[in-house]
Amino acid sequence: MPRTASTAAPTPAAGRRIQTRRSGVHGKGVFAVQDIAEGEVLVEYTGEVISWQEAQDRHPHDPAQPNHTFYFHVDEDRVIDAKFGGNSSRWINHSCDPNCFADEQGGRIFITALRNIRAGEELNYDYGLIIEERYTPKLKAEYPCWCGSKNCRGTLLAPKRGWAPPGLAPQPPTEKARKAPKTRKAEEAKGSDKAGKPAKSAKPRQGRRSAQR
């Protein structure tokens, strides 16, 4: 069911409910330390809010690991850089069968439980990466998914048509997205905790983690 934004931004419940530790999926991960109910807001994806141009100017964060970044697409003008002022949310891994979703409200991103989550489960959401260039086997292999779910796509890249991340309604690409500059955010890539490739041609859909070529 599509989610709709309320007039006021939600507030994550008080008390320790999540913990960052090594993940069996990839690198670091975030886990529930107590049972969580469907619809609970777990954590806000925090960081410095900057323009896409500033994000491009900052890339790469680390020349030794050029694909290691923590950008999250807010809208056509803004991105959250969780390297600066970020919290544990930046370590939440992708899954093609997620138990959470990323909800944008008023320019802020909240990680929310998509279903009931048991203590000890790893949190995850569908990054929904969209790149305008043609999806070839080689391109998909540059964005591998290791979630292990029965319906795993095998890649972090989401279908360009007829798809919406769980919990959210589909959003068509905008003209500005089609004309977006080439450098974008990095996602997970083999060899680093949260990495990817510099973006090639288009911004991902609103409220998604961003892809770089």
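## Overview of the predicted protein chain

The protein chain has three helices and 10 strands, where helices (H or I, at least four residues) and strands (E, at least two) are DSSP runs numbered from the N terminus. Along the sequence these elements follow the pattern β-β-β-β-α-β-β-β-β-β-β-α-α. This is a predicted model, in which local features need pLDDT of at least 70, side-chain atom pairs count only at pLDDT 80 or more, and totals for chains, interfaces and linings use all residues. Residues are numbered from 1 along each chain as its sequence is written, and side-chain values use heavy atoms, with hydrogens and water left out.

The predictor's confidence in each residue is given as pLDDT, from 0 to 100. For the protein chain the mean pLDDT is 76, and 69% of the residues reach 70 or more. Over residues 1-7 the pLDDT is below 50, and this stretch has 12 contacts in the model beyond near neighbours in sequence; a contact means heavy atoms within 4.5 Å. Residues 169-207 also have pLDDT below 50, with 159 contacts beyond near neighbours in sequence.

Of the 213 residues in the protein chain, 53% are buried. Buried means under 20% relative accessible area, exposed over 50%, and partly exposed in between (1.4 Å probe, protein chains only). The accessible surface comes to about 9,800 Å², and 51% of it belongs to carbon and sulfur atoms; such areas come from the Shrake-Rupley method with a 1.4 Å probe, and for residues only the protein chains shown count as cover. Among contacts with a separation of 6 or more, 70% are between residues 24 or more positions apart.

### Strand pairing

Two strands pair if DSSP finds at least two bridges between them.

| Strands | Bridges | Residues opposite each other |
|---|---|---|
| Strand 1 (residues 18-22) and strand 2 | Five | Arginine 21 and glycine 29 |
| Strand 4 (residues 48-51) and strand 6 (residues 78-81) | Four | Isoleucine 50 and valine 79 |

Strand 5 and strand 6 form a hairpin with four residues between them. The hairpin of strand 1 and strand 2 has five residues between the strands, and there glycine 27 takes a positive phi near 55°.

### Aspartate 35

Aspartate 35 lies in the loop between strand 2 (28-32) and strand 3 (41-45). This residue counts as exposed because its relative accessibility is 52%. Leaving aside neighbours within four places in sequence, aspartate 35 is in contact with Ile117, Arg118 and Ala119. Isoleucine 117 is 82 residues away from aspartate 35 in sequence, yet the C-alpha to C-alpha separation is 5.8 Å. A polar atom of the aspartate 35 side chain lies 2.9 Å from the backbone nitrogen of alanine 119.

### Cysteines

A disulfide is a pair of cysteine sulfur atoms within 2.5 Å, and by this rule the count is zero. The sulfur of cysteine 96 has its closest cysteine sulfur in cysteine 145, 3.8 Å away, which is too far for a bond. Cysteine 147 is in no disulfide either, the nearest cysteine sulfur being that of cysteine 145 at 3.5 Å. Cysteine 96 counts as buried because its relative accessibility is 7%, and cysteine 147 is buried with a relative accessible area of 17%.

Definitions and conventions. A polar contact is a pair of N or O atoms within 3.5 Å; within protein, one must be able to donate a hydrogen and the other to accept it, and residues adjacent in sequence count only if both atoms are side-chain atoms.
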